[in-house]
Amino acid sequence: MNIRNKKLLVITGLSGAGMSSALKNMEDLGYEVFDNFPLTLVEPLLQDSHTSDNPIAIGIDTRTRGFSSEAVLTVVEQLEATLLFITADDSILQKRFTETRRRHPMAKDRSVDDGIKKERGLLHNLKNKADLIIDTSSLSIHDLRRILEGHFKKENQGKLTVTLLSFGFRWGLPREADIVMDVRFLQNPYWVKELQSLNGNDSAVGAYIAQDESLQPFINGFKEMIAPVLPRYVLEGKSYLTIAFGCTGGRHRSVFLIETLKPWLQEQGFAPNVFHRDIAR
């Protein structure tokens, strides 16, 4: 993702996907936040002499006065804004509306499912043109904040924020991952009775995995592959990179590999965030 205009971020997306949470996080990051802001007033807002020097985040959705995908894209292009799109799976959105008993803005006279489909159609062009898409289907509030901080936190701009993520294929692929490595070829500690209840942070598990003769060639090969591209990502303006390692359950091999890779990335000048998604399952 390239941040074009660091002063203006336009956030849009599907109702129930997490736009309000995203705007709240941007406020915490020092942005002036305006929700459901009329499109015709965006340019005057930026020209207002009383506007602070802080960057601005504007929430625009299908409820916004004068909304259309074309109108939003016109504003984004003319003002060289960064466009962030928040989305989620239909089934997740349905569940969220059911649990909160909120009425979908596109479903006043139809089912929630129909409302979601109608809104997704209206927003199709915006999603295709977005500089950054965040799918919150499997994200917690804390995960969303971590991703937004990686992209938009002031001290992170101009450098690459790397997140190392372990996960279990059994629980689904992490949608936020840029690079996914499958480490299920390594011998599995799960089948050793005394190691089953432990995880990849435990020394006994690490010692068991380290015995696998395939481990070191894999680690060396991965480092050789990733080392040349990291500085290229920085030069291209990419601000956030998630490297995910997956095993079957996400508790043993993937955790150990992530913890093994962390010190090497630190030696390369990065301060990686580490997140073990499925370690507690």
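Visitor: Which handedness does the crossing of H9 and H11 have?
Guide: Helices here (H or I, at least four residues) and strands (E, at least two) are DSSP runs, numbered from the N terminus. A crossing is left-handed if the near helix is turned anticlockwise from the far one by less than a right angle, and right-handed if clockwise. For H9 and H11, the crossing is right-handed.

Visitor: And what kind of model is this?
Guide: Residues are numbered from 1 along each chain as its sequence is written, and side-chain values use heavy atoms, with hydrogens and water left out. Local features need pLDDT of at least 70, side-chain atom pairs count only at pLDDT 80 or more, and totals for chains, interfaces and linings use all residues; in short, this is a predicted model.

Visitor: How are H9 and H11 oriented to each other?
Guide: H9 (residues 215-226) and H11 (residues 253-267) have axes 12 Å apart and pack at an angle of about 50 degrees. Axes are lines fitted to C-alpha atoms, for helices over the stretch in contact, and angles run from 0 to 180 degrees between N-to-C directions. Angles under 35 degrees count as roughly parallel, over 145 as roughly antiparallel, 65 to 115 as roughly perpendicular and the rest as oblique. H9 and H11 are therefore oblique.

Visitor: How many nonpolar residues are in the contact of H9 with H11?
Guide: From H9 come Leu215, Phe218, Ile219, Phe222, Lys223 and Ile226, and they meet Phe256, Leu257, Thr260, Leu261 and Trp264 of H11 (contact means heavy atoms within 4.5 Å). The classes are nonpolar (Ala, Val, Leu, Ile, Met, Phe, Trp, Tyr, Cys and Pro), charged (Asp, Glu, Lys and Arg) and polar (the others, Gly among them). Besides one polar and one charged residue, the contact of H9 with H11 has a nonpolar count of nine.

Visitor: Is Leu257 buried or exposed?
Guide: Leu257 lies in H11 and touches Val183, Leu186, Leu215, Phe218, Ile219 and Phe245, leaving out residues up to four places away in sequence. Buried means under 20% relative accessible area, exposed over 50% and partly exposed in between (1.4 Å probe, protein chains only). With a relative accessible area of 3%, Leu257 is buried.

Visitor: Which helices are included in what covers the buried residues of H8?
Guide: In H8 (residues 203-210), the buried residues are Val205, Gly206 and Ile209. They span an arc of only 100 degrees around the axis, which puts them on the same side of H8; the arc is that of the directions from the helix axis to the C-beta atoms. Their cover includes H9 and H11.

Visitor: Let's turn to H4 and H5: how many charged residues are in their contact?
Guide: H4 (residues 90-100) and H5 (residues 112-122) pack at about 130 degrees, with axes 10 Å apart, and that makes H4 oblique to H5. Asp90, Leu93, Gln94 and Phe97 of H4 make the contact with Val112, Asp113, Ile116, Lys117 and Arg120 of H5. Alongside four nonpolar residues and one polar residue, the charged count is four.

Visitor: What is the relative accessible area of Ile116?
Guide: Ile116 is in H5, whose buried residues are Gly115, Ile116 and Glu119. Setting aside neighbours within four places in sequence, Ile116 is in contact with Asp90, Leu93, Gln94 and His104. Ile116 is buried, and its relative accessible area is 1%.

Visitor: Which loop holds Thr136?
Guide: Thr136 counts as buried at 4% relative accessibility. Beyond residues up to four places away in sequence, Thr136 touches Ala17, Ile86, Thr87, Ala88, Arg96 and Leu144. Its place is the loop between strand S5 (132-135) and helix H7 (141-152).

Visitor: Is Glu80 buried or exposed?
Guide: Glu80 lies in the loop between helix H3 (69-79) and strand S4 (82-87). Although not a glycine, Glu80 has a positive phi of about 50 degrees. At 53% relative accessibility, Glu80 counts as exposed.

Visitor: Finally, what share of the protein chain's residues count as buried?
Guide: The secondary structure of the chain comes to eleven helices and nine strands. Its C-alpha atoms fill a box of roughly 65 × 45 × 25 Å along the principal axes. Of its 281 residues, the buried share is 48%.
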